[in-house]
Amino acid sequence: MDRFNLTGLNTEVSNYQLALDFVTDNLDDDIDEELRQSVEVSARLLYGLIHARWIVTSRGLSKMLEKYKKADFGRCPRVLCQSQPLLPCGLTDVPYEKAVKLYCPRCEDLYSPKSSRHGSIDGAYFGTTFPHMLLMGYPHMIPSKESRDGRRRDGEDDKGVPSGVGVVEQSTAAAALKAERYRPKIFGFGVHEISKWMRWQEAVRDRQIARLEEIESVSGPSP
């Protein structure tokens, strides 16, 4: 086992040494049953945190790439993504906060796993870095943004600007303000290639919210 992947975990996992012995199948069979149950819980956490670190190593990325190619993590439910394979992704690196989600490299959005068993896996066991590190390491695996008929991804004009931006149906400023956006990060830093696009999206969103607030201040909120 690579000791680098264990650095600092002793401060995050209780009964660390016993949990490590459990993971490596070196735990004494004669320990107290109550302690064993506690160690098993710690061992699951330790194994998950080690997994999150291992999958961003060169060997880990190579193994996960093969799973990605076979769509082992499922396919994007969005119709216009043409069954794009997904990658597991955590919303936080802190355990016990958020369950794992699935990231689509084509539409760059997140989805919940269909299986309740998979949906109960802690997102910290994959971490926030993995899918973006894999795509940076294997850029040829980044899917094209063009549809099968050669047009750019849905709703974009020739300049890459989504058509229909600014068209309001039933949304309100309050709803828009509450909407959370996913921001890809690698070791806490935003991924540069899409940061310009996201800044443009947020600028349009902010202008739209300002317009909605102005309208609602005059006529009242929409029913």
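This is a short chat about a predicted model.

Q: Which residues form the positive surface patch?
A: Arg 59, Lys 63, Lys 67 and Lys 70 form it.

Q: Where is Arg 59 placed?
A: Arg 59 sits in helix H3, which covers residues 58-69.

Q: Is Arg 59 buried or exposed?
A: Arg 59 is exposed. Its relative accessible area is 59%, and the cut-off for exposed is over 50%.

Q: New topic, helix H5. How many of its residues are buried?
A: 6 of its 8 residues are buried, so H5 (residues 130-137) is mostly covered.

Q: Which ones are they?
A: The buried residues of H5 are Phe 130, Pro 131, His 132, Met 133, Leu 134 and Leu 135.

Q: Switching to the backbone. What is the phi of Tyr 96?
A: Tyr 96 has a positive phi of about 65°, although Tyr 96 is not a glycine.

Q: Where is Tyr 96?
A: Tyr 96 is in the loop between E1 and E2. Tyr 96 is exposed there, at 57% relative accessible area.

Q: What about the phi of Phe 187?
A: The phi of Phe 187 is near 50°. That is a positive value in a residue other than glycine.

Q: Which loop holds Phe 187?
A: Phe 187 lies in the loop between E4 and strand E5 (189-190).

Q: Buried or exposed, that Phe 187?
A: Phe 187 is exposed, with a relative accessible area of 58%.

Terms used: Residues are numbered from 1 along each chain as its sequence is written. This is a predicted model: local features need pLDDT of at least 70, side-chain atom pairs count only at pLDDT 80 or more; totals for chains, interfaces and linings use all residues. Side-chain values use heavy atoms; hydrogens and water are left out. Patches are made of residues with over 30% relative accessible area and no salt bridge: like charges are joined within 9 Å, nonpolar side chains (Val, Leu, Ile, Met, Phe, Trp, Tyr) within 5 Å. Accessible areas come from the Shrake-Rupley method with a 1.4 Å probe; for residues, only the protein chains shown count as cover. A salt bridge is a side-chain nitrogen of Lys or Arg within 4 Å of a carboxyl oxygen of Asp or Glu. Lys and Arg count as positive and Asp and Glu as negative; His and the chain ends are not counted. The place of a charge is taken as NZ of Lys, CZ of Arg, CG of Asp or CD of Glu. Helices (H or I, at least four residues) and strands (E, at least two) are DSSP runs, numbered from the N terminus. Buried means under 20% relative accessible area, exposed over 50%, partly exposed in between (1.4 Å probe, protein chains only).
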